[in-house]
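Subject: Two-chain model, handover and notes

Hello,

Please find the model below, as promised. My notes come after it.

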Amino acid sequence: MKLKEGFVLRTISGQTVVLPTGGDLDLSMMIKLNDTGRFIWERLEKGAELDELVEDMLKEYDVSKEKATEYVEEFVQKVKENGFLA
Amino acid sequence: MRNFTISLAGFCVEINSIFETTRIFCRDYLCEGVPEFSVTISPENITFEREKSAKEDLLEGIPVRQFSDEYLETLAVYRKICAKLLERETLLFHGSAIAVDGVAYLFTAKSGTGKSTHTALWRQVFKDRAVMINDDKPLLKLTSDGVLVCGTPWNGKHGLGCNKMVPLKAICILERAEQNTIHPVDAAEALPMLLQQSFRTGTPNGTVLLFDILDKLTKRVPLYRLGCNMDPQAAVVSYEGMKG
């Protein structure tokens, strides 16, 4: 799984946001991410599969495998629904 | 081709324009000196501006406005300059900037909300103490001493502004309201509006540069939200809320 090209992730005054870089910026396309969201997004940029994402989550955060899987699946689903996957 | 040099936000810029009118448009900003960079206008740049403007009119649902090549060239010049200025921590920000006692306040809002109307109230209330820096498209320059608002020739349809650089005291998002109220807002809340009102290149590199400028800007300059009516008292409430 990999994200489409043409997004920029940045932290502005403590707020992590993702923006499309296309000329006609539609602000409804601005996505705010929390820390975990950012963690997954950055891995999706490089291309990562669901099981890798869960593994990385377990290394980074003190959560159960069940919770991590749930979170990753939910996040990836949202990314997919919004058409951000390549 | 016409060739001339202007000083904008303290940067010396060489312009190669098709029309003499662009030099006249920039007359208050002409300078001598070694340019830091130059911009050159081609007929394609003018076509781009015409198509972009038509597209925006269609999006807004208004009849497509017709503009002269001369006018469109001024837009093309500013677009090219602003893309270069992003690399120099200087941002075109859509708003009305007015200085009182030598420090500037920048009002921003969607078109038609009444930015210019509000700064007109400031001039009415503060009279000689108030100086319009730019009524439409000022430049914001990040410096080690803080943020400067800089006058530019692109100062709106009434040509309100001057060739001055003034420290920026605050940025204020303006909304119409029955009562006049002002309160501070944090960067997260203001961000969508700030992004909307900032010059964007539509390129990945330009977007990264813009994000970094906005990050620094929101750390250095306090942000407010003003609900205001058209009474001169609105200027008083707004000034008292931000002057610190």
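This is a predicted model: local features need pLDDT of at least 70, side-chain atom pairs count only at pLDDT 80 or more; totals for chains, interfaces and linings use all residues.

Residues are numbered from 1 along each chain as its sequence is written, and chains are lettered from A and ligands numbered from 1 in the order in which they are written.

Chain A

Chain A has three helices and three strands; helices (H or I, at least four residues) and strands (E, at least two) are DSSP runs, numbered from the N terminus. Read from the N terminus, the order is β-β-β-α-α-α. The radius of gyration of chain A is 13 Å, close to the 12 Å from the globule rule for 86 residues, so chain A is as compact as a globular protein of that length. That radius is taken over C-alpha atoms, and the rule is 2.2 Å times the number of residues to the power 0.38. The C-alpha trace of chain A spans about 40 × 30 × 20 Å along its principal axes.

Of the 86 residues in chain A, 14% are buried. A residue is buried if 20 or more other C-beta atoms lie within 10 Å of its own, exposed if 12 or fewer, and partly exposed in between, with C-beta atoms placed from the backbone. Of the contacts in chain A with a separation of 6 or more, 37% are between residues 24 or more positions apart. Two residues are in contact if their C-beta atoms, placed from the backbone, lie within 7 Å.

Chain B

Chain B has seven helices and 12 strands. For its 244 residues a compact globule would have a radius of gyration near 18 Å, and the 18 Å of chain B agrees with that. Its C-alpha atoms fill a box of roughly 50 × 45 × 35 Å along the principal axes. Buried residues are 38% of the 244 in chain B. Among contacts in chain B between residues at least 6 apart in sequence, 66% join residues at least 24 apart.

Helix α2 of chain B (residues 43-60) has 18 residues and reaches 26 Å from first C-alpha to last, close to the 26 Å expected; the expected span is 1.5 Å times one less than the number of residues.

Chain B is assigned domain 1 (2-86) and domain 2 (91-242), with bounds from an automatic or database domain assignment. The C-alpha centres of these two domains of chain B are 22 Å apart. Between them, 12 residues of domain 1 of chain B are in contact with 16 residues of domain 2 of chain B. On the domain 1 side, helix α3 of chain B (residues 69-86) gives the most, with five residues. By class, that side has 10 nonpolar, one polar and one charged residues. Here Ala, Val, Leu, Ile, Met, Phe, Trp, Tyr, Cys and Pro count as nonpolar, Asp, Glu, Lys and Arg as charged, and the others, Gly among them, as polar.

Cores and single residues

A nonpolar core is a set of buried Ala, Val, Leu, Ile, Met, Phe, Trp, Tyr and Cys residues joined through C-beta atoms within 7 Å. The largest has 66 residues, and those with the most contacts inside it are Ile98(B), Ala104(B), Leu106(B), Val149(B) and Cys172(B). Its largest share, eight residues, comes from α3(B). Both domain 1 (2-86) and domain 2 (91-242) of chain B give this core at least three residues each. A second, separate core of seven residues includes Val54(A), Met57(A), Ala68(A) and Val72(A).

Ser198(B) sits in the loop between α5 and α6 of chain B and is buried, with 22 other C-beta atoms within 10 Å. Beyond four places in sequence, Ser198(B) touches Leu91(B), Phe93(B), Leu210(B) and Leu214(B). Arg225(B), in strand β12 (residues 223-228) of chain B, counts as partly exposed because it has 17 C-beta neighbours inside 10 Å.

Contact between the chains

The contact takes 17 residues from chain B and 14 residues from chain A. On the chain B side, α5 (187-196) and α6 (204-220) are the elements that give two or more residues. The largest share of that side, eight residues, is from α6(B). By class, the chain B side has nine nonpolar, five polar and three charged residues.

Regards
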